[in-house]
Amino acid sequence: FIMRSQYTFTGEHDFVIDSKKRINIPSIFRKQLTSSDKNTFVITRGIDSCIWVYPMGEWEKIKQELNQLSSLSKTNRTFLRNHLRHAKIVTADDQGRLILTKSLIEYAAILKDITIIGVLNKIEIWDTKTLQRIDSEHTINEESYEELSKRVNI
């Protein structure tokens, strides 16, 4: 089953990671957060060399879905192990900044410039150059976008 999100994070925002490994959650995203989700997030490895950031309430829904996976399946066990071992609960400071872990920074190849993207129920953090490279490798023109939209199961 699919649990619907109360969030609709959208848009793209450029920032810089500071010397203390902190990143800003865009104010437009912070305004959407419920009072219980205001300061607490789960950060983990995303797919395609980015970092996923979930508000705590969303993470609880993800946990419920992950709990539905059978541990008898080697594929499920491998996925869960690799996804959850890098998950960490973090708290935002008063300025809405999160501290990223060294392993996640290395995984996402973040050097300085970052791009933060809203993807409905989660936030993606990218090294800007990595995202630009991936975008250029997967350039979508109008025709291929139409084909992609047909393959997406909504």
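How far apart are Glu58 and Lys61 in helix H2? In this predicted model, Glu58 and Lys61 lie three residues apart in helix H2 (residues 56-67), so they are separated by about one helical turn. Helices (H or I, at least four residues) and strands (E, at least two) are DSSP runs, numbered from the N terminus. Residues are numbered from 1 along each chain as its sequence is written. Local features of the predicted model need pLDDT of at least 70, side-chain atom pairs count only at pLDDT 80 or more, and totals for chains, interfaces and linings use all residues, while side-chain values use heavy atoms, leaving out hydrogens and water.

The side chains of Glu58 and Lys61 form a salt bridge at 3.2 Å, N to O, the criterion being a side-chain nitrogen of Lys or Arg within 4 Å of a carboxyl oxygen of Asp or Glu. By this rule there are five salt bridges. Glu58 is buried, at 2% relative accessibility (buried means under 20% relative accessible area, exposed over 50%, partly exposed in between; 1.4 Å probe, protein chains only). A salt bridge also joins Glu106 and Lys102 (3.9 Å, N to O). Glu106 is exposed at 52% relative accessibility, and Lys102 is exposed with a relative accessible area of 56%.

Six strands form an open antiparallel sheet in the order S1-S7-S8-S4-S3-S5, where pairing requires at least two DSSP bridges between two strands. Strands S1 (12-16) and S5 (88-91) stand at the edges with a single partner strand each, so one side of each has no neighbour in the sheet. S1 pairs with S7 (residues 113-119) over five bridges; His13 has Ile116 in S7 as its bridge partner.
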